[in-house]
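Have a look at the structure below.

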Amino acid sequence: MIEDDQRLASMVATYLNQNGFEVTHAGTASEGLLQLQQAAATQAYSIVLLDLMLPDADGLDVCRQIRGQAQPLASMPIVMLTAKGDPMDRVVGLELGADDYIPKPFEPRELLARLRAVLRRQQGVATNNERVLRFGRLEIDLDARVIRLDDQEKPVTSYQFNLLAAMADRAGRVLSREQLMDVVKGEPLEAFDRSIDVHIGRLRAAIEDDPKQPKRIITVRGAGYVFAKAQDV
């Protein structure tokens, strides 16, 4: 947990410890990034709880730096905490690679539920016997949780990987935003929630030859999205 509010950090750590988590706390961005980098080789951490407003850096910049690291750190799930209520902060956070976003003040039980949901998503959503899904030049390795285009790895967040895997597992079917949110997150879509659109945009940037004219993840106006079953033909 990277959080400068010592009182809040202590309360959250106590609650999470009581519910099966082992929490390490850093009060600054530099301290938190150092701890993550030192532990990356052993994969000591499963998830990052990141405050948006830190004394030595902006949480969004910290999120960007984590996503720019080598694996496995780059794909570590990130849940952001913020005292700001501006929906655009949430959108920007998701665009930079956060897996979830919780405004302060929050109920500890909601935080616990969201952390558990993000960790469940990281474990994978597909149970297809074919552990590598292939669509033309695109490969989705379900076991390694890696996306490759032309044999080049395309880094995405754990949420985005699960979203793509869910769509690929249902290739050719139009899925509404509500269906996608339910499949990947296990929760109903919030009113005016743009998070699915944000993640789709990030996926297109990773796997499309031209994200502005997508051929793999196609928008069906008024209905949702469809993952193309036939690609590169």
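Helices α6 and α8 are roughly perpendicular to each other (that label covers angles of 65 to 115 degrees). Their axes cross at roughly 85 degrees and come within 10 Å; axes are lines fitted to C-alpha atoms, for helices over the stretch in contact, with angles from 0 to 180 degrees between N-to-C directions. This is a predicted model, where local features need pLDDT of at least 70, side-chain atom pairs count only at pLDDT 80 or more, and totals for chains, interfaces and linings use all residues. Residues are numbered from 1 along each chain as its sequence is written, and side-chain values use heavy atoms, leaving out hydrogens and water.

Who touches whom? On the α6 side, Tyr-159, Gln-160, Leu-163, Leu-164 and Met-167 make the contact, and α8 brings residues including His-199, Arg-202 and Ile-207 (contact means heavy atoms within 4.5 Å).

Next comes a sheet: 3 strands, open, in the order β8-β10-β9 with antiparallel pairing. β8 and β9 are at the edges with a single partner strand each, so one side of each has no neighbour in the sheet. β9 and β10 are joined by 4 bridges (a pair needs at least two DSSP bridges), and Thr-219 sits opposite Tyr-225 of β10.

Both helices pack on this sheet:

| Helix | Strands touched | Direction angle |
|---|---|---|
| α6 | β8, β9 and β10 | about 70 degrees with β10 |
| α8 | β9 and β10 | about 140 degrees with β9 |

Helices (H or I, at least four residues) and strands (E, at least two) are DSSP runs, numbered from the N terminus.

Conventions: Angles under 35 degrees count as roughly parallel, over 145 as roughly antiparallel, 65 to 115 as roughly perpendicular and the rest as oblique.
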